[in-house]
Amino acid sequence: SLYKDFRIIVRRYIMKKIVEILFKSVIAGIISIILLSIFSLIYYNPPVATQQSDLVTNFKFKENSNWSYMLEGFGHGMTDELGYNNAYYTDCTEPDIVFVGSSHLEALQVPQNANCVYLLNEKFDKDTLPHNDFKCLNLGVSAHALEVSLSNFKYVVDKYKEAKYIVIETSNVEFSPTMLDEIAKGKFHAPEEEKSFIEKMAQKVPYFRLLYKKINEASAAKNEVVGGTNALNNDDINVYIHKMKVILNKVAKLSAENNIKPVVLMHQRFWEDSDGNIITENKEMYINAFKECCENTGIKVIDVTKPMIDCYKTNYNFSYGFSNTSPGEGHLNKTGHRIIAEEVYQSINEMEENK
């Protein structure tokens, strides 16, 4: 009986210790998540993605929400009432120029008043020219490369029929024949699905969002295939031109039906090799073929690559990269956004004067 009582006492003591350890671990975990989330509120707190009922983009962000971003560059701001990165005008529901594009256009890496669309609005607003009192709307969101923007184009035209220009931003024009067929069918139009309750709750914890991003980046790096699958042989460039013309003809037709001028804004990263030669991210063969397709379908191309290279040669300023990342890599920095704003401003004015 004494041995039995001793066993019960020992068991209770062990259970008590286990409960104490579990309790302390849970408390420590909660405190850690709170502290890490406070840090993440400044370091990585992008706007939360949500559904876009207008379908102009596959998703948008939560409206009127503050954001900050320090993973790359130092960005901060607040989304507008539509759920995008617009700050110059509080109300831009009837824009003259609509910009669609990728995370370069989304521009979380720079302060809100330093992105190219904000700067362009400022230029149009403060000059004295009578023919360009234009308001620009930025619909740029991450993961919306050219294939997505082209797949969503008809929805953008339908929503903004009164716009004078629709500008499609892209840093890549290299596509395989299979991918071009998918773009022609609009397969990259993929509206955000309703998130589960657990996903919505997790999104409200800043540290969980940062952790999720890092896990995705690690997975993407592990599965990365050197060389990619979008490369074409030189003999296949005629296939590229044929298929790309089919796609761009649809863009041109939709635009003409609504008296809208479509514009492609091209930019690309570049590097200097050991011999001092500038190497661009896209092969010249594709750039020339894409520009030929645009010219033949009546689509204006604004290629800011040369001004960016000239700026680098003159001042050694890259248009990509930040003090906390590698120079010339990653997203557009303030220099890149400034050059884009200047070049687009000049091109739009020229088009207006030539009407």
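The model is predicted, so local features are given where pLDDT is at least 70 and side-chain atom pairs count at pLDDT 80 or more, while totals for chains, interfaces and linings use all residues. Residue numbers start from 1 along each chain as its sequence is written, and side-chain values use heavy atoms, with hydrogens and water left out.

**Overall picture**

- The protein has eleven helices and twelve strands; these are DSSP runs numbered from the N terminus, with helices being H or I of at least four residues and strands E of at least two.
- Along the principal axes, the C-alpha atoms fill a box of roughly 105 × 50 × 45 Å.
- Of the 355 residues, 45% count as buried. Buried means under 20% relative accessible area, exposed means over 50%, and partly exposed is in between (1.4 Å probe, protein chains only).
- Take the contacts with a separation of 6 or more: residues 24 or more positions apart account for 74% of them. A contact here means heavy atoms within 4.5 Å.

**The five-strand sheet**

- This open sheet runs in the order β7-β6-β8-β9-β12, with parallel pairing. Two strands pair if DSSP finds at least two bridges between them.
- At the edges sit β7 and β12 (300–303), each pairing on one side only.
- From one strand to the next, the twist averages 20°. Angles run from 0 to 180 degrees between N-to-C directions, and axes are lines fitted to C-alpha atoms, for helices over the stretch in contact.
- Strand β6 (residues 97–100) is covered on both faces, with Ile97 and Phe99 buried on one side and Val98 and Val100 buried on the other.
- β6 is joined in parallel to strand β7 (residues 136–138) by three bridges, and to strand β8 (residues 165–170), also in parallel, by four bridges.
- Phe99 has a bridge partner in each of these strands: Asn138 in β7 and Val167 in β8.
- On to the next neighbour: β8 and β9 run parallel and are joined by six bridges, with Ile166 standing opposite Pro262 in β9.

**The three-strand sheet**

- Here the strands go β1-β4-β5 in an open sheet, and the pairing is antiparallel.
- The edge strands are β1 (44–45) and β5 (75–78), and each pairs on one side only.
- Strand β4 (residues 66–69) pairs with β5 in the antiparallel sense over four bridges.
- Within that stretch, Tyr69 stands opposite Gly75 in β5.

**Helices α8 and α9**

- Two packed helices are described by the angle between their axes and the distance between the axes.
- For helix α8 (residues 237–257) and helix α9 (residues 284–296), the angle is about 35° and the axes are 9 Å apart.
- On the α8 side, the contact residues are Ile237, Tyr240, Ile241, Met244, Lys245 and Leu248; α9 brings Met285, Tyr286, Ala289, Phe290, Glu292, Cys293, Cys294 and Asn296.
- Sorted by type, the residues of this contact are eleven nonpolar, one polar and two charged. The nonpolar class is Ala, Val, Leu, Ile, Met, Phe, Trp, Tyr, Cys and Pro, the charged class is Asp, Glu, Lys and Arg, and the others, Gly among them, count as polar.

**Two residues to look at**

- Ser149 lies in helix α4 (residues 146–159) and counts as buried at 3% relative accessibility.
- Setting aside neighbours within four places in sequence, Ser149 is in contact with Val100, Gly101, His144 and Ile168.
- Asp273 is found in the loop between β10 (270–272) and β11 (278–280), and is partly exposed with a relative accessible area of 27%.
- The side chain of Asp273 reaches two backbone nitrogens: that of Gly276 at 3.0 Å and that of Asn277 at 2.7 Å.
- The C-alpha atoms of Asp273 and Gln346 are separated by 31 Å, and the two residues are 73 residues apart along the chain.

Notes
Polar contact = N/O pair within 3.5 Å; in protein donor to acceptor, adjacent residues only side chain to side chain.
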